[in-house]
Each structure stands twice: as structure tokens, then as C-alpha cells.
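This briefing looks at one residue in its setting and then turns to the protein as a whole. Please read it alongside the sequence and the model.

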Amino acid sequence: MTTQTNTAEVKAGSLSKDFFASIVVFLVAVPLCLGIAIASGLPPTAGIITGIIGGLVVGSISGSPLTVSGPAAGLVVIVADIVTEFGLAIYGVIVLAAGFVQILAGVFKLGVWFRAISPAVIHGMLGGIGILIIGSQFHIMLDRDPLSSGIKNLLDIPNGLLETFESHGGNIYAAITGIITIASIVLWTRYAPTRLKLIPGALIGVVLAVIVANLFSFDIKYLTDLFDGPTNLQNILGTIITPTMSTVEASMTAGVLLAVVSLAFIASAESLLSCAAVDQMHQGVRTKYDRELMAQGVGNAICGFLSALPMTGVIVRSSANVEAGATSRASTIMHGLWLLLFISIFLFTLEYIPVATLAGVLVYTGYKLAYPKVAKELLAYGKAELAIYIVTIVTIVSFNLLAGVVTGLVLSIAKLLYVFSHVSIKAEHQPNSKQTTLHLKGSATQLGIPKLVSVLDHLEAGRDIHVQFDDLEYIDHACIELLNGWQKQYQMTGGNVTIEWDSLIGKYHAKEAAAANGI
């Protein structure tokens, strides 16, 4: 009886923790769901619908119980481009098809390959997206329309500020609303009392901005201005565009296929990266990556059918979930339930929420994505990693998201090929002696034979040569044959060559033994 009582108490305690965590995640999710939808060119409630699906559906079947799925700032750019290029009807088909691609990737156990993407590319992708979000949302925060490209948006920021403060093309009250939002988030994040830290800064910023804007009757855009007709559930459901056979047939183009693959790839990479980060935050069940990939695919297939936003596992909501004490997937599921109640009962609140405050939340989110704090960490792994990160960002901002990611991947593969094919050989001559030590470093493959031959052929005849492999990671058969043949030829000139084959073989055997023992 005592054991059963203790078990019941533990379950009740876990449920209470999950309940509290779900409230925290819900409060984080609401402004982000609304803001990301607006930034993507969709109705605000499209983001809430995705959050509901991410909580109730994906939360129930996910491979990472504490990861929260929903609209992600990292998909804003690609979604906005798809909506602009193909329209809402075909957009839904693209998201639906991307979901099926993710499901197939999970079935064929490709989850681990998405995790193999270079961190420099992932961080570069997020940094580039952050800069583009800042550029577009900064103008929306001033009640202006964003321009047609990321570069134009960034270059037009000074002009937007000038127009706003001169009241010729901007709205000073919208700017004040956005500034209040961002300042509140920053101040709350830095100075909030420890016991209140769990209250999200974005919520504090939005609430304060809403109070100020409505108290002083600011003449600015509110969320209801983005809807055609009354803001009620019936009207919202009436705006949902489901795919038809005609839209499916119209989607059979190379451009649509490229958009499907791009969306599936980027959403999967961001989701699994978030899951890996969540695993480092707690000691509970580890992520099952292929199951998570299939769950994300199911969620995106449903979102595509309803023309809602695509989803990923989102690190902001997931970290809030873990920090709030969540112990199981119940928290994620309940947060989806609270979002469902919001869209069912509390839609009237949208008429009080300024567009500028949600844009302010996204400007701050973009800043967090773009802030180059990771650059120092990448530099610790070499200048090449930092260069890949920077080039990825510059390409995304200058061209588009897909071009930036592909460029980053190509550079990563090129770096990998270089590492596995590059060998350096340094001749160290002892003064006043005929002794020379050759240090081989890197990977000695047939691609490095010309460099080896160049050094070996220029060695003075008759010296005592000692070849060391201490810093050599790999040597292939072609290089072994080269060294064997050169050793015989050089010794015929009267010189002596000592090659530490035993130490090289011993080192490789030690590595194999360590790998076999799981060291």
C-alpha cells in the first residue's frame, strides 16, 4: 500500500510540474506563433494552428519527449519566399509534400545524416536567417512594408528611421511600441528576479506594449487589421485552403520540387539540432532521431493540408519547457491544448495586439540568431570553420537561404576532402651532422604523392634519414609503396633511411582497440 501511495505521489508531482511547464511554454509560444506567421506572409492564426498540431499531434508521437514543436523563426525566410513565388494554394501542397519527405527519411533511418551537417553551416544558416528577419521585421515594426530583398531591407533601415521620425512614411507610435517591446525583453532577461525568470521576456514585452498602445490609443496597425472580415473562429476556419487535385497537378514543376526538398531538408536539420541541444539539458530519455523525423513529417503533412505554417522542433520553447521542470511529453501536449483554447475562446484579444509589438519580438529573436557569439567557438576548431560560417551568412543575405546552405555544404565537403587528402612533410636537418628527420603530418594519400616526391627528391644524397609518423593520421597503400621504393633507391646512394613502420602500425592497432572497447 505504501509503495502504491508513493508511486501515485510521484506521478502527481510529475503531472503538476508538467502542468506548470505547459503554461510557461504556452506563454512563450503565443507571441512567437503570431509573429512568425505575420513575418511569413500568412494570417496570424496560421501560426497558432501549427502550434496546436505541434503540441497535440507531434507531442504525442515525437522521439524527443521534452522537445516542443511549432513555427520556427528559422523557416520564416523560406516560407515567405514560397508564398510569394507560388501562392497560398500551392504553398500548402509544398508543405504537405515536405512532410511526406520527412516521413520517408525517418522510415529509411536518415535521421543521423541530418545530424552530420557541419555546425558551421547550421550556425551560418541561423545567423543569415536572423539578419534577414531583422531587416524585414524592422520595417514592419515601424508600420512600413518590407522591401523585396534582404539586402534592400537592410540598406533601407536608415531611411526608414528617418521617415519615421520625420513622420513622412513611417509611424512614430509604432516605433515607440516596438522599442517598448524590445527594451522590456532585454531588461526582463537581465534583471528579472530569479523566482520570476520563468515568465518569458517576450510575454512581458508584448503585455506592456499592448497596455501602452491601448491606453494612449495609438493610431497603429493591430492584428485584426490583417484579417478580411470579423476575427472569429468561423471566419478563421473559412480561410483555410486545403489542396485540390488542380493545385496538386499545378505543383508538378521542378521549382516546386526544389522548394519541397529545401523545406524538408532545412526543417529536419533544425529539428534534429534542437533535439540534440535538448538532450544536453536533461538526464531523461534520449532522442530517437528517426522517430522524431517521422513525427515532424506527420505534423508538417497536416500543416500543409491546412495551409498552416510548417513546423520544427524549436529550441526556444523546448529550453523553456526543460527549465520550467517538465518531466514528460505531457507538458508539450498540454501546451497544444492551451493554444487550442486560445484560438477557440480568446481570439477577441487580437484586436488589442499591435503588429509592431510582434515585429519587435522578432527583431529581438533575429538579433539572438544573428549574434556572432558562436564565432569564437568555431575559431577554436580552425579558421576554415569560421570562414564557412561567414560565407554561409553572406550568401544567404546576398542571394537566398537555399544558395547559402548549399554553398556552406559544398565548402564543408571541400574542407573534408582537403583534410583527408592533405599531407605536409617537413625536413629537419641537424646542424653539423648528416642526420635529417622527416615529419609527416595529416593524411598521406595518393593525392599527396606529388608533394612527398618533391621533398624526397630534393634531399641531399648520403644523409642519415629518420622518417617519423607521430602526427600522421592516415597513410594509404600508394604512399607506403612510394616510401618503400624511395628507401631502397636512397640507400643505394650511400645514405641510410630509418622508417618507423612498427610505431605507425602500433598506433593504428591502439586506435582499433580503443574503438572496439568504446573508449
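In this predicted model, S40 belongs to helix α1, which covers residues 2–40. S40 has a relative accessible area of 2% and therefore counts as buried, since that class takes in values under 20%.

**Surroundings of S40**

- A polar atom of the S40 side chain lies 2.7 Å from the backbone oxygen of I36, a computed distance that falls within the 3.5 Å limit for a pair of N or O atoms in a polar contact.
- When residues up to four places away in sequence are set aside, S40 touches V76, V79, A80, V83 and L309.

**Fold and dimensions**

- The protein holds 22 helices and six strands, and its C-alpha trace spans about 95 × 75 × 55 Å along the principal axes.
- Of the contacts in the protein with a separation of 6 or more, 78% are accounted for by residues 24 or more positions apart.

**Burial and surface**

- Of the 519 residues in the protein, 48% are buried, and S40, with its relative accessible area of 2%, is one of the buried residues.
- The accessible surface of the protein is computed at about 24900 Å², with 66% of that area belonging to carbon and sulfur atoms.

**Charge**

- The protein carries 28 positive and 33 negative side chains, and the centres of these two sets are 7 Å apart.

Methods:
Residues numbered from 1 in each chain as written. Predicted model: local features only at pLDDT ≥ 70, side-chain atom pairs only at ≥ 80, totals over all residues. Heavy atoms only, no water. Helix = DSSP H or I, 4+ residues; strand = E, 2+ residues; numbered from the N terminus. Buried < 20%, exposed > 50% of the residue type's maximum accessible area, 1.4 Å probe, protein only. Polar contact = N/O pair within 3.5 Å; in protein donor to acceptor, adjacent residues only side chain to side chain. Contact = heavy atoms within 4.5 Å. Areas by Shrake-Rupley, 256 points an atom, 1.4 Å probe, with all protein chains shown as cover. Lys, Arg positive; Asp, Glu negative; His and termini not counted. Charge placed at Lys NZ, Arg CZ, Asp CG, Glu CD.
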